[in-house]
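Please look at the sequence and the structure first, and then I will take you through them.

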Amino acid sequence: MLTQQDYTSTYKPTWCPGCGNFGIHPATKKALAELNLPPHRVAMTFGIGCSSNGANFFKLYAFHSIHGRSLPVAVGIKLSNHDLTVIADAGDGDAYGEGVSHFVHTARGNIDITYLVHDNRLYSLTKGQMSPTSMKGMKTMSTPFGSLNEPFNPLAAAIINGATFVAQGFSGDINHLSGLIKQAIMHKGFALINILQVCTTFNKVNTFQWYKERIYKLEDAGHDAANYGKALAAAIKNHDKIPIGVLYQTSRPSYHQQLDQLREKPLVKQSAEEIDVNKSFDSYR
Ligand code: SF4
């Protein structure tokens, strides 16, 4: 049996005391161990942000990419070797700011990737500026008089753009989050988990206590994750009462399952001789 230690490198995180990342990493490792996935069968990609130095702390294939680009690297890995479990990991600024176009188009393609977004509602690595998910009116280092923007809604955006698994977790509930990550990894298609994460240093509004007073579990509320309309309604009502759990799950072929070239085996297992380029050229005649 694998344990969390099997996915843990010798490097120690330098996050601030109480940072939600300290809950998200064990939840991820717990899920991988319970699914008994050997580290060499898992690839994780990271963007830029406080959470993205996670590339150093996991012992598996890890790639620290650039801002907003954890998804395209993950897509490349998945389409090269779809036998691997591929997890993309990013913060809210990275995922919904710099990387928002990748988010939308990876959802549309239903590429079989689990996307873990550490949503602390700020750009924290750069010392607390407004991010796409900052609440309207929130005072940050870049909005001293309060943010004027409506917050981006990642759950609704994922549902309406074709994601086939959409969930929300909380960094303060490791067991619940780990269960969601397991479900997302097992799901065949694009799976978003927006993880509500506390930032003890810069976000003095959305604290652990603030979330505890508002969070409820969808499974306790009898939510039907197969119902598109109810999922969208739950995603939109993500303010005073905040849902965690699986909002939406459906089934449709993932991207690589629709490609004739990848139907038999992953690209990395095909030799150049096996690939009949003339057939492709002929199709253009
Ligand atoms: Fe965590 Fe915030 Fe510190 Fe970054 S600044 S390590 S998000 S507590």
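This is a predicted model: local features need pLDDT of at least 70, side-chain atom pairs count only at pLDDT 80 or more; totals for chains, interfaces and linings use all residues.

Let me begin with a term: a nonpolar core is a set of buried Ala, Val, Leu, Ile, Met, Phe, Trp, Tyr and Cys residues joined through side-chain atoms within 4.5 Å, where buried means under 20% relative accessible area, exposed over 50% and partly exposed in between, with a 1.4 Å probe and protein chains only. Residues are numbered from 1 along each chain as its sequence is written, and side-chain values use heavy atoms, with hydrogens and water left out.

The protein has ten helices and ten strands; these are DSSP runs numbered from the N terminus, with helices (H or I) of at least four residues and strands (E) of at least two. Of its 285 residues, 50% count as buried. Its radius of gyration, taken over C-alpha atoms, is 19 Å, which agrees with the value near 19 Å that a compact globule of 285 residues would have, the globule rule being 2.2 Å times the number of residues to the power 0.38.

Now to the cores. The largest nonpolar core has 32 residues, and those with the most contacts inside it are Phe 103, Ile 113, Tyr 115, Val 166, Phe 190 and Leu 192. Several elements each supply at least two residues of this core, including helix H2, strand S3 (85-91) and helix H4 (100-109), but helix H5 gives the most, with five residues. Apart from this core lies another, of 27 residues, among them Ala 55, Ala 191, Ile 193 and Ala 225.

Which residues does Ile 113 touch, not counting residues up to four places away in sequence? Among them are Leu 71, Ala 74, Val 75, Lys 78 and Phe 190, where contact means heavy atoms within 4.5 Å.

That brings me to Lys 78, which is found in helix H2 (residues 70-80). Is Lys 78 buried or exposed? Lys 78 counts as buried, because its relative accessibility is 3%. Leaving out residues up to four places away in sequence, Lys 78 touches Leu 84, Val 86, Ile 111, Asp 112, Ile 113 and His 256. Finally, the C-alpha atoms of Lys 78 and Lys 139, which are 61 residues apart along the chain, are separated by 40 Å.
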